[in-house]
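Reader: I have not looked at this structure before. Please take me through it in short questions and answers.

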Amino acid sequence: MRNLVVCIFLLIITIGCNQLKYKADTNFMNSSNANSFEYPIYVNKKMCIDLDRNPGLCVLHHNKANILTLSIDSRPYSYTLDLVCPDLGYQELFQVPKAKKFTTSFQRGDLLEARSIVCVGEIFPSDRELISAKFSIIVKLVSSNYIRRNKIIPFPNNSLLIIGENSLYTTVNGKTKRKKTSVKLKQGQKVYSESYNMRFNAYGY
């Protein structure tokens with residue numbers, strides 16, 4: 001009997017969902033015409049998002065010793081990708097087939113002389129006319145000799161945050177104190193620390 005009630009409930013939900021009509025946004029301004037960067041792209045397997053967690057616009061630090069990889073999920077349509085990185089003197093036009101993942105990489109040698117890279121891409125889908133979407137990636141290149149500080153992590157029992165022994169100042173929710181190696185872990189906590197050499201790390205932002 002209980003299983004029957006559950007099945008009827010799920011059936012009602014399914015019928016209700018099927019009655020929801022899809023409404024196209026054809027009368028809205030195209031994102032590229034609005035100079036809005038929204039197309040989802042991955043940089044070194046991490047989605048490029050801004051501070052509001054919207055896709056298509058990001059800034060990151062990248063070690064010059066490592067390869068920089070850009071990728072896009074497969075799409076249910078073929079498309080043209082126009083990719084421009086002026087700082088590297090790079091411009092390519094890619095024809096990406098339907099249901100194929102796109103990947104391209106910048107090798108170490110391409111990055112050695114640059115201090116930063118700005119890449120702008122624009123996608124032109126084959127199943128729509130006069131429509132496109134953009135993404136923009138700003139990459140600040142870090143010396144290959146630079147070693148980042150360890151990330152702030154929760155202690156295994158989730159009672160403490162481990163700041164690290166090189167912390168000179170520790171800032172917890174906007175209040176700064178002298179050296180801390182650990183702080184109590186609280187929900188919604190925002191923590192960062194500064195070392196003697198002014199190297200920073202953060203947790204919860």
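Reader: What percentage of the 205 residues in the protein is buried?

Author: This is a predicted model. A residue counts as buried when its relative accessible area is under 20%. In the protein of 205 residues, the buried share is 28%.

Reader: How many helices and strands does the secondary structure come to?

Author: The elements counted here are helices of at least four residues and strands of at least two. For this protein the secondary structure comes to two helices and 16 strands.

Reader: Is the protein compact or spread out, and what is its radius of gyration?

Author: Along the principal axes, the C-alpha atoms fill a box of roughly 65 × 60 × 30 Å. For 205 residues the globule rule gives 17 Å, and the protein lies well over that, so it is more spread out than a compact globule. Its radius of gyration is 23 Å.

Reader: Where is Leu83, and how far apart are the C-alpha atoms of Leu83 and Val120?

Author: Leu83 belongs to strand β5, residues 79-85. Leu83 has a relative accessible area of 0%, so it is buried. Val120 is 37 residues apart from Leu83 along the chain, yet the separation of their C-alpha atoms is 5.9 Å.

Reader: Which residue forms a salt bridge with Arg128?

Author: Side chains of opposite charge can pair when their charged atoms come close. A salt bridge requires a side-chain nitrogen of Lys or Arg within 4 Å of a carboxyl oxygen of Asp or Glu. The search of the whole structure finds one such bridge. In the bridge of Arg128 the closest N and O atoms are 2.8 Å apart, and the partner is Asp127.

Reader: Are Arg128 and Asp127 buried, exposed or partly exposed?

Author: The partly exposed class lies between the buried limit of 20% and the exposed limit of 50%. Arg128 has 39% relative accessibility, so it falls in that class. Asp127, at 48%, also counts as partly exposed.

Reader: Which residues gather in a patch of positive charge on the surface?

Author: One of them is Lys184, placed in strand β14, residues 182-184. Lys184 counts as exposed because its relative accessibility is 62%. The patch is formed by Lys175, Lys177, Lys180, Lys184 and Lys186.

Reader: What accessible area do the residues of the nonpolar patch have together?

Author: The patch consists of Tyr192, Met198, Phe200 and Tyr205. Among them, Phe200 lies in strand β16, residues 200-203, and its relative accessibility of 44% makes Phe200 partly exposed. Together the four residues have an accessible area of about 470 Å².

Technical notes:
Residues are numbered from 1 along each chain as its sequence is written. This is a predicted model: local features need pLDDT of at least 70, side-chain atom pairs count only at pLDDT 80 or more; totals for chains, interfaces and linings use all residues. Side-chain values use heavy atoms; hydrogens and water are left out. Patches are made of residues with over 30% relative accessible area and no salt bridge: like charges are joined within 9 Å, nonpolar side chains (Val, Leu, Ile, Met, Phe, Trp, Tyr) within 5 Å. Accessible areas come from the Shrake-Rupley method with a 1.4 Å probe; for residues, only the protein chains shown count as cover. Lys and Arg count as positive and Asp and Glu as negative; His and the chain ends are not counted. The place of a charge is taken as NZ of Lys, CZ of Arg, CG of Asp or CD of Glu. Buried means under 20% relative accessible area, exposed over 50%, partly exposed in between (1.4 Å probe, protein chains only). The radius of gyration is taken over C-alpha atoms; the globule rule is 2.2 Å times the number of residues to the power 0.38.
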